[in-house]
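Colleague: Before I rely on the labels attached to this structure, I would like to hear the grounds for each of them. Could we go through them one at a time?

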Amino acid sequence: MSQELIAAFVEIREEDVRRITAELLESGADPMAVLEAGREALEIIGQRFEAGQAFVPELIMAGEIMGEITALVKPKLEQTASAEALGKVLVGTVEGDIHDIGKDVVVFMLDANGFEVIDLGVDVTPQTFVDKVKEVKPDVVALSGLLTLAYQSMKDTVEAIKEAGLRDQVKIMIGGAPVDEHVRVFSGADAWGKDAMEAVAFAKQWTGGQK
Amino acid sequence: MEKDWKTMTAEERLAQRLDGYVNTPGFEFASPEAEALYRERATIIRDAFELKVPARVPVFPSEGFFPTLNAGMSMKDMMYDYEGVAKALLAYINEYQPDAWFGALSLVPGRCFDILDYKVYDWPGQKLADHLVYQMKEDEYVKASEYGALAADPSGFFLRTYLPRVFGALEPLAKMPLLPSIQEMPMTPTALIPFGMPDVQEAFKRLMEAGNEAVRWIQVMGGLGAQVRALGCTDWAGGAAKAPFDAIGDTLRGTSGMMMDMYRNADALIEACDRFVPLMVEMAVGAANQTGVPLIFMPLHKGADGFMSNRQFEKFYWPSLKKVMLGIAEEGCIPVMFAEGGYNQRLEIIADFPKGKCIWWFDQTDMKRAKEVLGDVACIAGNVSTALMTAGTPDEVKAYCKELIETAGKDGAFILTNGCGIDHAKPANVKAMMEAGLEYGRYR
């Protein structure tokens, strides 16, 4: 039955997912197992995205569907056991830029690949990044931007982290449509990625994460 | 007009519009040299569009906010100091001598939006710091359940539902009557009542105020347009329109809403897109009639690589977009398709279009492949990267342009320009791009 759930989820058959989830829970299935099936489906969708077989609509729908499953499962859940994360990644769109779609795709893919992701949202100041690095001690800081003004904000953020004496404690990657190697050099980041899969690859490489 | 417009073929309409664009009857240039330069530039752009080999490759940056930034103006100044903008643009045209300029489309008047309390964007002078560019705030301004109302009567929906939501000052327009209810004497008075309400009248006063500001703005920008042309520079955009999917997705449903609709409300989404086709054509052609420039700027957003599969593109995005393009071409105008991001996955699909009827302007698409796939169908333009222009060196810019001209520019039908606006580019890199065009771009 949970295989059926995974199949429906991966094919974004929303109604079927709702029905199967309800049936599973009513028939006394372990709520954690239902949740785990959802996670498994997310992972498969992530792999499909990576392979160019799934796209933004599927990621957005996957987020929606997972939310629905969680809402159905939650009342039946006594305690949540948190799985060991591969590493911590602090993500945000840099100061002055309020675009979030690219960032959200990166967050989804990191999450689906087993990272603990702290999403600071959009228009994040260098100081906020610094404060959060101190607070949550991430392994990786990921800076996103869509506008060309983000080049300067990325550089300012990397410098602020450096001035706070935290530069050697984190790896920094940048990404977004107008970003390339020129921008990486300009900003002082460790790496740049052209898509969410590269973000995952760098995060894995830096945290020694092999799944 | 010698022949009645309605009985003319699309080819005749195009020929007449292009003739007006190249020969500008009645327009006075600053000098005979400027006039000769204008004709040369308009001719090479026309030749490239017509898939011919022009005398040389047309070259101009997509100037974005580079001219105002380079003149030391903040983004706030750009939105509030119209005369300053005009001065900066003229200085840019004089210094860099581009073959064409983008025009005032994105140099918007901030006060209009202040007066109306626009919710869809944040801008400098309002919520954003002075140095930041205006930015769109995506949201579900229209709910999925409202597709039926939108498709049934787009103009009525905009007047009574959408505008009151996205402009704080226009909330009272929600009380506007259903205009087709104004029929015969007995039914008319009730429909007039909303116009007598104080809050509705206040909304109209704010609209008049914003309208006055828009007129002040267009007086300066129209004057600027004439001055730019008098110097011999051509226009790259005489009007604008959007893909119906983007028109609904960008500012009505938002990306997330639109992407979910592809699964949850597919038929309603497609119907609404089709309903927007004639509106987009009218928007484009009306502007071209005003400006006398047949080039229609069409910024494409949600159909880019990665946003959706080719199957989804062919089902949801392309059919209504193609109808808009064909509608614009039928009126003798030229859709200039600005494919922001990458369009590598889509090349084969968009190649299915009548020959020599549009221009594809690429941002991050592989230009060599674009030439191979589209070369026989459409003129292609692009794609010097903004990152290169901002962080690269003049030598790197020149080398990239040279390579582009040799590949994408082989046998003509190519325009050398950037992807998205060069905003923060280094002046030396802009010069390098212009030099490269003139140095490597001569066909004869």
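Colleague: Where is E184(B) placed, and what makes that element a helix?

Modeller: E184(B) belongs to helix α9 of chain B, residues 184–192; helices are DSSP runs of H or I with at least four residues, strands are runs of E with at least two, and both are numbered from the N terminus. This is a predicted model, in which local features need pLDDT of at least 70 and side-chain atom pairs count only at pLDDT 80 or more, while totals for chains, interfaces and linings use all residues. Residues are numbered from 1 along each chain as its sequence is written, chains are lettered from A and ligands numbered from 1 in the order in which they are written, and side-chain values use heavy atoms, with hydrogens and water left out.

Colleague: Why is E184(B) called exposed?

Modeller: Its relative accessibility is 60%, and exposed means over 50% relative accessible area, buried under 20% and partly exposed in between, with a 1.4 Å probe and protein chains only; E184(B) therefore counts as exposed. E184(B) also has a phi near 60 degrees, a positive value in a residue other than glycine.

Colleague: What is to be said of the backbone at K137(A), and is that residue buried or exposed?

Modeller: K137(A), which is not a glycine, has a positive phi of about 50 degrees, and the residue sits in the loop between α6 (126–136) and β3 (140–144) of chain A. With a relative accessible area of 60%, K137(A) is exposed.

Colleague: Which peptide bond is cis, and what is its omega?

Modeller: The bond from G382(B) to N383(B) is cis, with omega near -25 degrees; N383(B) itself lies in strand β9, residues 379–384 of chain B.

Colleague: Why is T234(B) called buried, and what does it touch?

Modeller: The relative accessible area of T234(B) is 0%, so it is buried; the residue is in strand β4 of chain B, residues 234–235. Not counting residues up to four places away in sequence, T234(B) touches several residues, among them Y21(B), Y38(B), R41(B) and W101(B), where contact means heavy atoms within 4.5 Å.

Colleague: How do you know that the side chain of T234(B) makes a polar contact with D99(B)?

Modeller: A polar atom of that side chain lies 2.8 Å from the backbone oxygen of D99(B). A polar contact is a pair of N or O atoms within 3.5 Å, of which, within protein, one must be able to donate a hydrogen and the other to accept it, and residues adjacent in sequence count only if both atoms are side-chain atoms.

Colleague: What places E146(B) among the buried residues, and what does its side chain reach?

Modeller: Its relative accessible area is 15%, so E146(B) is buried, although its place is in the loop between β3 (135–136) and α7 (147–152) of chain B. Its side chain reaches the backbone nitrogen of K143(B) at 2.8 Å, and, leaving aside neighbours within four places in sequence, E146(B) is in contact with F157(B), T161(B) and R165(B).

Colleague: Why does P58(B) count as buried?

Modeller: P58(B) has 0% relative accessibility and therefore counts as buried. It lies in the loop between α2 (32–49) and α3 (66–70) of chain B, and its contacts, apart from neighbours within four places in sequence, include I44(B), D99(B) and F414(B).

Colleague: How do you know the extent of the interface between chain A and chain B?

Modeller: The two chains bury about 2200 Å² between them, 67% of it on carbon and sulfur atoms, buried area being the accessible area (1.4 Å probe) that two parts lose on being put together, summed over both. F55(A), I98(A) and H182(A) supply 24% of the area that chain A buries against chain B, more than any other three residues. In terms of contacts, 25 residues of chain A meet 30 residues of chain B.

Colleague: Which residues of α1(A) are buried, and what do they pack against?

Modeller: In helix α1 of chain A, residues 2–10, the buried residues are L5(A), I6(A), A8(A), F9(A) and V10(A). They pack against α2 (14–26), α3 (31–50) and α4 (56–73) of chain A, and just after α1(A), I12(A) takes a positive phi of about 50 degrees.
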